[in-house]
Structure formats: C-alpha cells, structure tokens
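Here is a short report on one protein model. Look at the sequence and the structure first, then read on.

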Amino acid sequence: QVQLAESGGGSVQAGGSLRLSCAGLIDSSYCMAWFRQAPGKQREWFAAIDRDGDATYARFVKERDETALYAAQVVKARFTISKDSSRMALYLEMNKLKPEDTAVYYCATDPDWTAGCPTFPEGYRYWGLGTQVTVSS
C-alpha cells in the first residue's frame with residue numbers, strides 16, 4: 001500500500017514563503033505533481049516534475065520578473081518543484097505567497113507516467129492526505 005505524506009504547511013503572511021515536502025514516493029522516475037484544493041473549489045494541478053527533473057507549472061504560479069531588463073518578456077514561477085531521488089522525496093518551494101494561495105496542498109504520483117506528466121487529478125493513482133497552507137493579508 002503506497003501512502004504519500006505531505007508536511008511543511010502552516011500559516012504565513014502575504015509575501016512570505018513556505019517549503020512543503022512529500023515523503024513515501026515509490027520511484028523517483030515516475031511523474032510527481034502538486035495539486036491544491038481551496039474550500040468550495042475543485043482540486044487543481046499547478047506543478048509537476050518528470051523522470052529527467054524537468055518541471056512544468058500552471059500559468060497562475062508564474063509572474064513577470066520585474067527585475068529583468070525586459071520584464072514583459074520574462075516570466076518565472078513563484079513556486080519551484082524539485083525532487084531528491086536519494087531520499088525519495090518531493091519538495092515545493094513557495095515564494096511570494098498570496099491570500100488566494102490558501103488551500104490544502106497535495107502531492108501525487110503515478111507509475112504509468114514518467115514524462116508528459118498529467119495535469120489533471122485523474123492522472124495520478126497515489127496521493128497524500130494533504131497539508132494546509134493559509135496565507136493572511
């Protein structure tokens with residue numbers, strides 16, 4: 001029985017940062033993803049990482065890099081997904097948190113995918129129980 005376990009959630013003020021962890025992974029070559037679910041809303045995908053460590057992000061976690069010379073052309077993610085194969089762990093670094101980021105955050109994985117990771121909940125067989133993230137204004 002596979003059981004993933006998230007940790008690292010908590011309460012933070014807007015603009016702050018949190019780092020979530022996910023333990024209990026089966027195989028680091030499988031697609032791994034982070035989802036979140038706010039009260040009254042559907043569970044939504046926002047980050048995934050494949051066997052090669054390539055990450056993809058939902059549009060809403062990206063923002064323009066105002067420090068760049070051509071800010072309008074540079075977009076970066078507020079969140080960073082990463083994995084540690086030696087520890088069989090998945091991580092999520094969240095920066096510049098906003099009140100609308102308040103939700104329960106879930107990690108997920110599935111042995112059927114190693115690339116082209118799904119961006120929908122039905123694509124993942126194994127889930128954690130979630131960790132609450134609350135961002136106050």
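Leaving aside its neighbours within four places in sequence, which residues is Ser-21 in contact with? They are Ala-5, Glu-6, Ser-7, Trp-34, Leu-90 and Tyr-91. Contact here means heavy atoms within 4.5 Å.

This is a predicted model, in which local features need pLDDT of at least 70, side-chain atom pairs count only at pLDDT 80 or more, and totals for chains, interfaces and linings use all residues. Residues are numbered from 1 along each chain as its sequence is written, and side-chain values use heavy atoms, with hydrogens and water left out.

**Overall build**

The protein has 0 helices and 13 strands. Both are DSSP runs, numbered from the N terminus: helices (H or I) have at least four residues, strands (E) at least two. The C-alpha atoms fill a box of roughly 45 × 30 × 30 Å along the principal axes. The radius of gyration, taken over C-alpha atoms, is 15 Å; this agrees with a compact globule of 137 residues, which would have a value near 14 Å. That globule rule is 2.2 Å times the number of residues to the power 0.38.

Buried residues make up 42% of the 137 residues. Buried means under 20% relative accessible area, exposed means over 50%, and partly exposed lies in between (1.4 Å probe, protein chains only). Now take contacts between residues at least 6 apart in sequence: 58% of them join residues at least 24 apart.

**The sheet around Ser-21**

Ser-21 is in strand E3. It counts as buried because its relative accessibility is 18%. Strand E3 belongs to an open sheet of 4 strands, in the order E1-E3-E10-E9, with antiparallel pairing. Strands of a sheet pair through backbone hydrogen bonds, either parallel or antiparallel. Two strands count as a pair if DSSP finds at least two bridges between them.

The edge strands are E1 (5–7) and E9, and each pairs on one side only. From one strand to the next, the twist averages 20 degrees. Axes are lines fitted to C-alpha atoms, and angles run from 0 to 180 degrees between N-to-C directions.

| Strand pair | Bridges | Residues standing opposite |
|---|---|---|
| E1 and E3 | 3 bridges | Ser-7 and Ser-21 |
| E3 and E10 | 5 bridges | Ser-21 and Tyr-91 |
| E9 and E10 | 6 bridges | Lys-83 and Leu-90 |

Ser-21 stands opposite Tyr-91 in E10, and Ser-7 stands opposite Ser-21.

**The core**

Which residues touch the most other members of the largest nonpolar core? They are Trp-34, Phe-46, Leu-90, Leu-92, Met-94, Tyr-105 and Tyr-124, out of 37 residues. A nonpolar core is a set of buried Ala, Val, Leu, Ile, Met, Phe, Trp, Tyr and Cys residues joined through side-chain atoms within 4.5 Å. Several strands each supply at least two residues of this core, among them E3 (18–23), E4 (31–37) and E10 (89–94). E11 gives the most, with 6 residues.

**A loop residue**

Gly-130 is in the loop between strand E12 (126–127) and E13. Why is Gly-130 partly exposed? Its relative accessibility is 25%. Leaving aside neighbours within four places in sequence, Gly-130 is in contact with Glu-6, Val-104, Tyr-105 and Tyr-106. Gly-130 and Tyr-105 are 25 residues apart in sequence, yet 5.2 Å apart in space, C-alpha to C-alpha.
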